[in-house]
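Have the sequence and the 3D view ready as you read.

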Amino acid sequence: MPLPSAPLSTTTSLSSAPPAGNPNVRAGFFKTATEADGTPVAAIAAVQEFGAVVRGREGHSIVIPPRPFLRQTVATRRTAWVRLLAQALKTSLRTPGRAGGTRHALQTLVQRLSTPTQALTTVGKAMQTDITQTIHQTHTPPNAPATIRHKGFDKPLVETGTLQNSVTFQVEA
């Protein structure tokens with residue numbers, strides 16, 4: 001069944017600092033993830049997130065209702081992610097470096113602040129886990145009777161496991 005055109009990636013991001021070009025972490029579906037037939041998982045995620053009307057095999061219209069799992073996860077977990085980032089950054093600053101005097105200690109602190117990769121990776125893992133859990137916990141709206149017959153069960157957002165297994169994150173530092 002052809003899907004409407006959709007973005008090559010469907011992600012959410014969290015930056016350690018607001019201006020563009022600064023270190024950040026993005027979680028969701030990236031253009032490298034595809035179904036076995038080559039369909040981008042980001043396109044499937046976008047259809048599920050926002051809903052769509054697609055053409056069925058016999059040419060009739062099929063309405064796929066929105067199941068906003070990504071927006072729901074961001075709305076409920078964003079504050080926790082920000083707190084986790086703050087805590088991870090604080091921890092990285094408290095972690096002792098090599099002995100070497102005040103100058104070296106200051107250089108170490110500056111380096112840790114300018115490349116917060118470890119802290120962003122910690123948050124990325126949490127974002128990935130939270131999005132995957134939301135996919136598993138989504139029960140409404142239920143699948144249509146024809147979808148249940150096709151899949152053999154009524155679990156919205158789950159069929160082959162590709163959607164939830166394709167959630168990942170990227171750190172840009």
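## Some ground rules

Let's begin with how exposure is judged: buried means under 20% relative accessible area, exposed means over 50%, and partly exposed is in between (1.4 Å probe, protein chains only). This is a predicted model, where local features need pLDDT of at least 70 and side-chain atom pairs count only at pLDDT 80 or more, while totals for chains, interfaces and linings use all residues. Residues are numbered from 1 along each chain as its sequence is written, and side-chain values use heavy atoms, with hydrogens and water left out.

Helices (H or I, at least four residues) and strands (E, at least two) are DSSP runs, numbered from the N terminus.

Side chains of opposite charge can pair when their charged atoms come close. For a salt bridge, a side-chain nitrogen of Lys or Arg has to be within 4 Å of a carboxyl oxygen of Asp or Glu. How many salt bridges does this rule give? The count is 3.

One of them joins R26 and E172, with the closest N and O atoms 3.5 Å apart. This pair links distant parts of the chain, since R26 sits in strand β2 (residues 24-29) and E172 in strand β5 (residues 168-172), 146 residues apart. R26 is partly exposed at 22% relative accessible area, and E172 is also partly exposed, at 38%.

## Bridging helices

E49 and R71 make another salt bridge, and here the closest N and O atoms are 2.7 Å apart. E49 belongs to helix α1 (residues 41-50) and R71 to helix α2 (residues 69-94), 22 residues apart. Is E49 buried or exposed? E49 is buried, with a relative accessible area of 1%, whereas R71 is partly exposed at 42%.

Then there's R77 with D130, whose side chains meet at 2.9 Å, N to O. R77 is in helix α2 and D130 in helix α4 (residues 117-137), 53 residues apart. R77 is partly exposed at 34%, while D130 is buried at 11%.

## A closer look at α4

Helix α4 has 21 residues and reaches 30 Å from its first C-alpha to its last. That is close to the expected 30 Å, where the expected span is 1.5 Å times one less than the number of residues.
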